[in-house]
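Thanks for coming. I will go through some side-chain contacts and then turn to charges.

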Protein chains: 2
Amino acid sequence: MSTNLTIALDAMGGDGAPEIVIEGANIARERYSGIKFLFFGDEAKIKPLISKHKELLSISEIVHTPDIITAEEKPSQALRTGRKSSMWLAIEAVRDDLAGGVVSAGNTGALMAISRIVLGMIPGIIRPAIASVLPTRTGQAVMLDLGANAECSVEHLVQFAVMGDAFARSALHMLEPKIGLLNIGTEDNKGTDSIRQAHTILKKMKGDDSEFALNYHGFVEGYDAPYGTVDVIVADGFSGNVCLKTIEGTAKLYAGMMRQAIKHSLIGKIGYLMALPAFNRLKERVDPRRYNGALFLGVNGSVVKSHGGADAYAFSCAVSVACDMIKNGFVERVRDEIEHMSHAIMASKVSDEG
Amino acid sequence: MSTNLTIALDAMGGDGAPEIVIEGANIARERYSGIKFLFFGDEAKIKPLISKHKELLSISEIVHTPDIITAEEKPSQALRTGRKSSMWLAIEAVRDDLAGGVVSAGNTGALMAISRIVLGMIPGIIRPAIASVLPTRTGQAVMLDLGANAECSVEHLVQFAVMGDAFARSALHMLEPKIGLLNIGTEDNKGTDSIRQAHTILKKMKGDDSEFALNYHGFVEGYDAPYGTVDVIVADGFSGNVCLKTIEGTAKLYAGMMRQAIKHSLIGKIGYLMALPAFNRLKERVDPRRYNGALFLGVNGSVVKSHGGADAYAFSCAVSVACDMIKNGFVERVRDEIEHMSHAIMASKVSDEG
């Protein structure tokens with residue numbers, strides 16, 4: 001397994017670029033021995049910022065790039081005119097093995113499109129999926145797809161399960177991640193044809209007698225995503241997107257309503273102040289900065305999209321996700337699982353027909 | 001408009017039947033002048049319970065029914081053998097105009113199936129939708145479909161918008177309810193073909209120069225459902241179901257984590273006790289009992305499904321929903337809107353082709 005812990009960073013992507021990118025790298029640096037950075041962007045701007053941090057400077061290289069892909073550019077435009085941009089060249093560094101992975105806080109659509117073109121897909125993977133980690137009652141879980149594919153076939157869903165499994169193992173350090181398939185009920189007859197068929201295949205893959213057996217739990221419902229019933233939530237891109245955004249909206253709403261309710265009375269305010277350390281612990285646990293980083297799973301490399309508005313700490317968390325995926329061989333695991341699975345599916349098809 | 005405020009009650013449905021049904025009716029009674037009840041069920045059990053409440057007794061009739069549809073029965077079985085059940089006969093009372101609407105806390109699948117068979121659909125409505133009211137930041141909203149139709153065509157979605165509009169007007173007392181279509185982004189090119197086409201039609205219906213013009217807001221996302229961006233959230237049954245259950249799960253999770261965080265320290269507990277009245281106000285506002293009642297919109301009558309585990313207060317809220325739908329002419333409004341719409345769509349098709 002190649003564990004190239006050099007991370008290519010698009011220094012010009014995101015609202016706070018390049019400062020946030022460099023400060024974020026400097027935070028992430030402390031977490032990994034052997035980590036190195038390749039910064040892509042405007043050298044005149046980047047160099048003085050890196051030079052502020054002696055240790056960061058010693059593990060960093062700058063590649064000057066003349067162009068920037070803006071947040072407004074359409075993916076098609078970025079593909080046509082972005083070849084000399086910080087984003088494009090950072091991705092190329094992964095293709096050329098100069099870096100093990102890439103992190104950008106820039107234009108999401110462009111990052112996805114360029115990654116697909118430059119890196120291609122992991123052999124056997126039909127479609128990439130967007131994944132994200134979310135806090136749950138019991139810890140954290142990864143959910144995919146979050147909108148790359150509004151409509152999904154059986155094969156897509158099964159491959160998402162494989163990729164989610166590999167991600168939970170590599171980036172969330174789980175040994176046998178429990179996998180659930182998002183549905184509108186838990187009985188076998190619920191949901192769409194694609195979901196029911198994917199369910200049947202995943203049940204077979206649970207019984208698979210190899211190191212690639214999936215710990216498939218079965219159908220899960222909207223409740224289960226925040227509850228932590230499973231470690232990997234597999235969904236079509238439409239309902240996955242709805243589920244994730246609903247969690248975010250509901251969490252924000254309840255926090256706001258709580259504040260409002262408390263501030264209604266003086267005694268409420270005093271009580272709130274006394275309970276503040278407890279609230280802060282909770283806030284820290286569900287801090288969205290800790291869960292920064294959308295993953296483009298399926299492209300042949302570790303590509304992490306940081307939120308455009310990320311601060312340095314949040315950006316450092318996105319860098320950590322890339323590091324963990326590289327260190328623990330995410331891409332290699334998916335490649336091996338998919339290869340094994342294609343044999344297994346073939347075998348099961350033969351036995352179905354036989 | 002016929003406003004028959006006699007409510008048919010399936011006295012034998014739900015975990016707490018028949019006590020809860022009768023106590024719930026007795027609470028709802030105080031909210032509506034002219035309300036009457038037809039109780040369907042085991043007379044020997046029901047009569048003594050009603051007799052405890054003099055005023056309730058004076059506005060109630062009991063129809064003895066020998067059979068009960070259990071929670072475990074499949075809809076197909078209920079359709080075959082349930083013709084003398086409390087649920088079936090309560091629904092028939094609506095068909096025969098003995099009651100204006102029906103409420104049951106019994107088997108959901110059976111209630112839906114029997115309602116469709118006995119009442120038929122509102123003329124022009126292709127498929128029924130399950131709807132529910134939810135608390136939002138700004139008040140409340142109605143969401144549909146919640147799972148009756150895992151996959152939806154353009155026509156289904158447009159009709160759900162019409163039914164959601166009529167429900168918000170009649171049961172939520174809104175004058176020009178804002179309608180949103182659940183999607184994974186707000187740009188015109190996002191989502192599936194059906195959703196984009198429904199979006200185009202709904203935009204036209206917004207510009208409609210009649211009393212039936214819909215106040216169509218456009219696409220909304222998962223965030224918007226709890227936030228209260230719109231009053232009516234139209235979704236396919238799959239993502240609507242995911243969205244509703246995700247809201248419920250997230251709300252429960254955050255309340256639990258909050259409690260856990262607070263109980264961690266003595267000072268936190270004291271602070272919590274001081275802020276308790278504020279928390280209780282919030283709890284009351286989002287009390288799920290207030291939002292009890294799933295609606296089967298589209299069947300030709302006001303059919304409300306109470307949660308099986310409802311208490312008397314929750315059941316009374318489900319009765320109120322039925323009363324408001326009847327009083328404010330939900331079925332009539334849908335019928336008129338659909339009739340108007342079919343002309344409007346025809347006209348727009350002609351102009352598209354012309």
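F167(B) and F330(B) are both buried. This is a predicted model, so that applies to everything I say from here on. What is the geometry of the F167(B) and F330(B) rings? Their centres are 6.3 Å apart and the planes stand at 75°, so the pair counts as edge-to-face. F167(B) belongs to helix α7, residues 154-171 of chain B, and F330(B) to helix α13, residues 330-353 of that chain, so the contact ties together parts 163 residues apart in sequence.

Over all chains there are four aromatic pairs. Another of them is F37(A) with F39(A), which is tilted, at 5.9 Å centre to centre and 40° between the planes. F37(A) is buried, at 2% relative accessible area, and F39(A) is buried as well, at 0%.

Now the salt bridges. How many does the structure hold over all chains? The count is 24. I will start with one that crosses between chains: K245(A), in helix α10 of chain A, reaches E221(B), in the loop between β8 (215-220) and α9 (224-227) of chain B. The closest N and O atoms of K245(A) and E221(B) are 2.2 Å apart. Are the two partners buried or exposed? K245(A) has a relative accessible area of 11%, so it counts as buried; E221(B) is at 12%, so it is buried too.

Within chain A, D188(A) and K203(A) form a salt bridge at 3.4 Å, N to O. D188(A) sits in the loop between β7 (178-182) and α8 (193-206), K203(A) in helix α8, and the two are 15 residues apart. D188(A) is partly exposed at 48%, and K203(A) is partly exposed at 39%.

D96(A) and R95(A) also make a salt bridge, with 2.8 Å between the closest N and O atoms. Relative accessibility is 38% for D96(A), which is partly exposed, and 45% for R95(A), also partly exposed. There is a network of salt bridges as well, linking D165(A), R169(A), R333(A) and E337(A).

Which residues form the positive surface patch? They are R259(A), K263(A), K269(A) and K283(A). R259(A) lies in helix α10 of chain A, residues 237-262, and is partly exposed at 42% relative accessible area.

One last residue. Y223(A) is in the loop between β8 (215-220) and α9 (224-227) of chain A, and is partly exposed at 33%. Its C-alpha atom is 45 Å from that of I46(A), 177 residues away along the chain.

Methods
Residues numbered from 1 in each chain as written. Chains lettered and ligands numbered in written order. Predicted model: local features only at pLDDT ≥ 70, side-chain atom pairs only at ≥ 80, totals over all residues. Heavy atoms only, no water. Patch = residues over 30% accessible without salt bridge, like charges linked within 9 Å, V, L, I, M, F, W, Y side chains within 5 Å. Areas by Shrake-Rupley, 256 points an atom, 1.4 Å probe, with all protein chains shown as cover. Salt bridge = Lys/Arg side-chain N within 4 Å of Asp/Glu carboxyl O. Lys, Arg positive; Asp, Glu negative; His and termini not counted. Charge placed at Lys NZ, Arg CZ, Asp CG, Glu CD. Helix = DSSP H or I, 4+ residues; strand = E, 2+ residues; numbered from the N terminus. Buried < 20%, exposed > 50% of the residue type's maximum accessible area, 1.4 Å probe, protein only. Phe/Tyr/Trp six-rings, centres within 6.5 Å; stacked < 30°, edge-to-face > 60°.
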